[in-house]
Amino acid sequence: MTPELRHGLYAVAPEDMGVQQYAPLSSKAESAAEPSKSDTQQPQQAEAGKGGGKGKARPKLIPLEVQRLFARLQMLQVQTISTEDLTTKGFKWQDRDGRVQHDVHELNRLLIDALERSLAHTPSGAALIPTLYTGQATSRVTCLSCGRMSDRDEAFQDLMLMVNPGGDSDPDSNLVSALAEHIQPEAMVGENQYWCERCDRKVDGERRQMLRELPPLLVFSLNRFQFDMKTMERVKVSAKFEFPLVLDTAPFVNDQDGLYDLLGVVLHRGSAYSGHYHAYIRDCLGEGAWSA
């Protein structure tokens, strides 16, 4: 959640949001807007439509509740803000659904995807999420026998990076090294050979991901969980992992220079099966009143 997203949501036209059909303080309005069974099961898909009936857009509940959450964070002089309206009115999570523990990477994807679906058919909001969060990559497989290359373009909204288990003693356990490893070629040999159409047989190959375009807001997700073959259990990698305050992405992207300032870090405290998240956020606009 960044100033760019906040300002973008504020800029979506009220008629595109269906504000006139949304009355959060009216119990009558809440009853009238009660979703059907199918809407409750898939709120993102229900909101993605252009709205029915005489040209009036249905309320985009998830973007509206995120808007209201941002407004409360800005305007209220309190220590905590509840997300209950977003979860119950926006996502329609009730009782048990709202208490399900989510991995922060999964939850971030769920929220961004829900916002994109909800605003997909609105003139003033359709481009918001793709413009801020979507990058472009190419997955390339090269045949080591004939040299044939097969490319597949892919869009992404975050990059998953591996954390080295030996990080505490490894000077290369950091964001820059992990990003460099992310774009390194991967050998496709032995049982992992692939079928080359030109050679008409299975051959040794090389697979790599090339980053072609990075979004303005670049999200990294660190993979800190591995499967221990000795204990046959999932374990958390708690090794140190360093990251710069300013990231130069020029060495990793084809024909694109860019410096990225660190805006926030989400930390997990716990085991591979449970725990809690907390965040360090850079107040880049100086809007908060902080005390130690």
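**Entry 1: an exposed loop residue.** I began with D200, which is exposed because its relative accessible area is 52%, and the cut-off for exposed is over 50%. I found D200 in the loop between strand 5 (194-196) and strand 6 (201-203). I then looked up its backbone: phi of D200 is near 60°, a positive value in a residue other than glycine. I note here that the model is a predicted one.

**Entry 2: another positive phi.** I turned to K92, where phi is near 65°, again a positive value in a residue other than glycine. K92 sits in the loop between helix 7 (84-90) and helix 8. Is K92 buried or exposed? K92 counts as buried, because its relative accessibility is 16% and the limit for buried is under 20%.

**Entry 3: the whole chain.** I stepped back for the totals. The protein has ten helices and 14 strands. Of its 292 residues, 33% count as buried. I also looked up how far apart in sequence the contacting residues are. Among contacts between residues at least 6 apart in sequence, 60% join residues at least 24 apart.

**Entry 4: helix 6 by itself.** I checked the length of helix 6 (residues 61-75). Its 15 residues, at 1.5 Å a residue, should span 21 Å, and the end C-alpha atoms are 21 Å apart, so the two values agree. I listed the buried residues of helix 6, and among them are L61, I62, P63, L64, V66, L69 and F70. The list of buried residues also includes E65, Q67 and R72.

**Entry 5: helix 6 against helix 1.** Which residues of helix 1 meet helix 6? I found L5, R6, L9 and Y10 of helix 1 meeting P63, V66, Q67, F70, A71 and Q74 of helix 6. By class, the residues of this contact between helix 1 and helix 6 are seven nonpolar, two polar and one charged. Helix 1 (residues 3-11) packs on helix 6 at an angle of about 120°, and the two axes are 10 Å apart. The two helices are therefore oblique to each other. The crossing of helix 1 past helix 6 is left-handed.

**Entry 6: helix 6 against helix 8.** I repeated the look-up for helix 8 (residues 104-119), which packs with helix 6 at an angle of about 120°, the axes being 8 Å apart. Helix 6 is therefore oblique to helix 8. On the helix 6 side the contact is made by I62, P63 and V66, and on the helix 8 side by L111, A114, L115, S118 and L119. This contact of helix 6 with helix 8 has seven nonpolar residues, one polar and no charged ones.

**Entry 7: a buried proline.** I looked at P215, in the loop between strand 7 (205-213) and strand 8 (220-223). P215 counts as buried, since its relative accessibility is 2%. What does P215 touch beyond residues up to four places away in sequence? I found L132, Y133, T134, G135, F156 and Y260. P215 and Q157 are 58 residues apart in sequence, yet 8.0 Å apart in space from C-alpha to C-alpha.

Entry 8: Leaving aside neighbours within four places in sequence, R152 is in contact with A137, T138 and S139.

How values were computed
Residues are numbered from 1 along each chain as its sequence is written. This is a predicted model: local features need pLDDT of at least 70, side-chain atom pairs count only at pLDDT 80 or more; totals for chains, interfaces and linings use all residues. Side-chain values use heavy atoms; hydrogens and water are left out. Helices (H or I, at least four residues) and strands (E, at least two) are DSSP runs, numbered from the N terminus. The expected span of a helix is 1.5 Å times one less than its number of residues. Buried means under 20% relative accessible area, exposed over 50%, partly exposed in between (1.4 Å probe, protein chains only). Axes are lines fitted to C-alpha atoms, for helices over the stretch in contact, and angles run from 0 to 180 degrees between N-to-C directions. Angles under 35 degrees count as roughly parallel, over 145 as roughly antiparallel, 65 to 115 as roughly perpendicular and the rest as oblique. A crossing is left-handed if the near helix is turned anticlockwise from the far one by less than a right angle, and right-handed if clockwise. Contact means heavy atoms within 4.5 Å. Ala, Val, Leu, Ile, Met, Phe, Trp, Tyr, Cys and Pro count as nonpolar, Asp, Glu, Lys and Arg as charged, and the others, Gly among them, as polar.
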